[in-house]
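The following note sets out points on the structure shown below, for use alongside the sequence. Please read each point with the model at hand.

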Amino acid sequence: MIRTLAIDDEPLALQQLSSYIKKIPFLELVAECQSAFDAKKIMDEEVIDAIFIDINMPDLTGMDFVRSLAVPPIVVFTTAYSDYAVDGYKVDAVDYLLKPFGLDEFQRAANKVKRQYELLRQEQAEISTVDDDDSLFLKTEHKVVRVKVEDIRYIEGMSEYLKIHLQDQPKPIIVLLSMKKIEERLPAKTFMRVHRSYIINLRKIQEVNKNRVILDSETYIPIGDLYREQLNKYIESKFLGK
């Protein structure tokens, strides 16, 4: 199931959008949101694969909201204004629905979401563990490279890509891979997901405060609310004194 948000500031439009989502077998409606701010709160806590979002909303437009996301989900814009169509594709929206739209039009947009969802999850990057020397093989830039697990400082999710930041290497390795896939391969005693977009090497932590993990003077990793308790438990297990 593709976990989906319906976002529209107009109650009737939101109700219709939600009813259409519920009629598509491969879509799961996680929540209805009347603002981008409501959507952001849910996306900080939940895994969301796709959003159907109105562009012309007060305070924060749908377009600006999508642009603000470090790792945006699959996006379908809805609006009553056809002038927004070109801008919609500039932020990699998979489709654009002009209000009023019917179920048939929505179904076609949903099918595009499904194709994109399946494409992102195809294993286009090979990854495997090497037990004897704790290494990974990663496919990047048409070649396969060996990476020692202990050299990974942190991993950053960028849409369908990952940036693997390594010790003593100024540029990260970029791979086409999901956060879930690489999280499954990394040793849980050493690596932890602390945000929907970040996995860190626990041995590289220098400092932890309320909202972020500090790896060095230039690297600050945000802590997501969903992952805060797990990180706190790890810190408490290593804590000496009161």
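A salt bridge is counted here when a side-chain nitrogen of Lys or Arg lies within 4 Å of a carboxyl oxygen of Asp or Glu. This is a predicted model, in which local features need pLDDT of at least 70, side-chain atom pairs count only at pLDDT 80 or more, and totals for chains, interfaces and linings use all residues. Residues are numbered from 1 along each chain as its sequence is written, and side-chain values use heavy atoms, with hydrogens and water left out.

1. Helices (H or I, at least four residues) and strands (E, at least two) are DSSP runs, numbered from the N terminus. Arg-3, Glu-46 and Glu-28 are linked in a network of salt bridges.

2. Accessibility of that pair. Buried means under 20% relative accessible area, exposed means over 50%, and partly exposed lies in between (1.4 Å probe, protein chains only). Arg-3 is partly exposed because its relative accessible area is 21%. Glu-46, at 35% relative accessibility, also counts as partly exposed.

3. Lys-99 and its two partners. Lys-99 forms a salt bridge with Asp-8, the closest N and O atoms being 2.7 Å apart. This pair links parts of the chain that are 91 residues apart, with Lys-99 in the loop between β5 (95-98) and α5 and Asp-8 in the loop between β1 and α1. Both Lys-99 and Asp-8 are buried. The side chain of Lys-99 also meets that of Asp-54 in a salt bridge, at 3.4 Å from N to O. Asp-54 lies in strand β3, so this pair ties together parts that are 45 residues apart in sequence. Asp-54 is buried, as is Lys-99.

4. A cis peptide bond. The bond from Lys-99 to Pro-100 is cis, with omega near -5 degrees. Pro-100 lies in the loop between β5 and α5.

5. The largest nonpolar core. A nonpolar core is a set of buried Ala, Val, Leu, Ile, Met, Phe, Trp, Tyr and Cys residues joined through side-chain atoms within 4.5 Å. The largest one has 21 residues, of which Leu-27, Phe-52, Phe-106 and Val-113 touch the most other members. At least two residues of this core come from each of β1 (2-7), α1 (11-23), β3 (50-54), β4 (74-79) and α5 (103-120). Helix α5 gives the most, with five residues. In soluble globular proteins, nonpolar side chains tend to be buried together.

6. Phe-191. This residue lies in strand β12 (residues 191-195). Phe-191 counts as buried because its relative accessibility is 6%. Phe-191 and Ile-155 are 36 residues apart in sequence and 9.8 Å apart in space, C-alpha to C-alpha.

7. Positive phi values. Asp-59, in the loop between β3 and α3 (62-68), has phi near 70 degrees, a positive value in a residue other than glycine. Asp-59 is exposed, with a relative accessible area of 76%. For Asp-168, phi is near 65 degrees, again a positive value in a residue other than glycine. Asp-168 lies in the loop between β10 (161-166) and β11 (173-176). Asp-168 counts as exposed because its relative accessibility is 73%.
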